[in-house]
Amino acid sequence: MTLTLGIDDAGRGPVIGSMVLAGVLVNKEQDRLLKRHNIRDSKVVSHPERIKLSKFIKENSLASRVELLTPNEIDSSIKSGTNLNTLEAIAMAKIINEINKGKFVKEKIKIVVDCPSVNIKAWSATLLKYIRITENIELICEHKADANHVSVSAASILAKVTREEEVDKIKKEYAQLGNVGSGYPADPFTKEFLRNHGEKLKDSGIFRKTWATWREIFPDKQQVTLKDF
């Protein structure tokens, strides 16, 4: 029997909050069940439905795992010369290594990843460097895998729900200061919160200070933009 492990991320671009990666391991019957239940890319699913589907996915998969990359971890990595694509490969490998052990290491596992890099071949080679056991796996890295593979769609939902939960924690903690927004640079509430409170909260761990959005408002050091990743 060949199992399928789908992996996807959420929150790659925000200036506030963690980036989240999730993996969902299913057998063929569960894969078909997720399709019948209309599991699809999280971007086309409403927030209330994502929460319901997240529970269904966890109950109808062999295993699932979530990894968080905090703003401090992202900033430290970039400052040390490890770009976001490599950091994401390391985090995805953690998910693979945690799931591909014990009883599952005896199974054939097809790993399907929504590739974050324009260079699929090079990024796949980077990911493979961090995977401990490769004898039983087949690695498939694709663009738009979250729309084309139900296991990756399921992972995208778990990642998105976790990301939203993390942002909700931040909103509750700083509610007295105003609206944090979604955490994305294009969100006017997020930009206003950053302008008004960024300096005071610069050591709080909620901001990605290597992001261009932060550098534009607090231009004291060399800018880093997403194009550098």
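1. Basis. The model is predicted; local features need pLDDT of at least 70, side-chain atom pairs count only at pLDDT 80 or more, and totals for chains, interfaces and linings use all residues. Residues are numbered from 1 along each chain as its sequence is written, and side-chain values use heavy atoms, with hydrogens and water left out.

2. Helix 7. Helices (H or I, at least four residues) and strands (E, at least two) are DSSP runs, numbered from the N terminus. Helix 7 covers residues 150-173, 24 residues in total, and spans 35 Å from first to last C-alpha, close to the expected 34 Å; the expected span is 1.5 Å times one less than the number of residues. Of its 24 residues, 17 are buried, so helix 7 is largely enclosed by the rest of the structure. Buried means under 20% relative accessible area, exposed over 50%, and partly exposed in between (1.4 Å probe, protein chains only).

3. Helices 4 and 5. The axes of helix 4 (residues 84-99) and helix 5 (residues 120-129) come within 8 Å and cross at roughly 50 degrees. That makes helix 4 oblique to helix 5. Angles under 35 degrees count as roughly parallel, over 145 as roughly antiparallel, 65 to 115 as roughly perpendicular and the rest as oblique. Axes are lines fitted to C-alpha atoms, for helices over the stretch in contact, and angles run from 0 to 180 degrees between N-to-C directions.

4. Aromatic residues. Rings of Phe, Tyr and Trp (its six-membered ring) pair if their centres lie within 6.5 Å; planes under 30 degrees apart are stacked, over 60 edge-to-face, the rest tilted. The count by this rule is 3 aromatic pairs. One of them, Phe 207 with Trp 214, is tilted, at 5.2 Å centre to centre and 45 degrees between the planes. Trp 214 also forms a tilted pair with Phe 218, at 4.5 Å and 45 degrees. Phe 193, Phe 207, Trp 214 and Phe 218 make up one aromatic cluster. Phe 207 is buried, as are Trp 214, at 4% relative accessible area, and Phe 218, at 14%.

5. Positive phi. Asn 38, not a glycine, has a positive phi of about 65 degrees. Asn 38 sits in the loop between helix 1 (28-36) and helix 2 (47-59) and is partly exposed, with a relative accessible area of 42%. Lys 144 also has a positive phi, near 65 degrees. Its loop joins strand 5 (137-142) and helix 6 (145-148), and Lys 144 counts as exposed at 62% relative accessibility.
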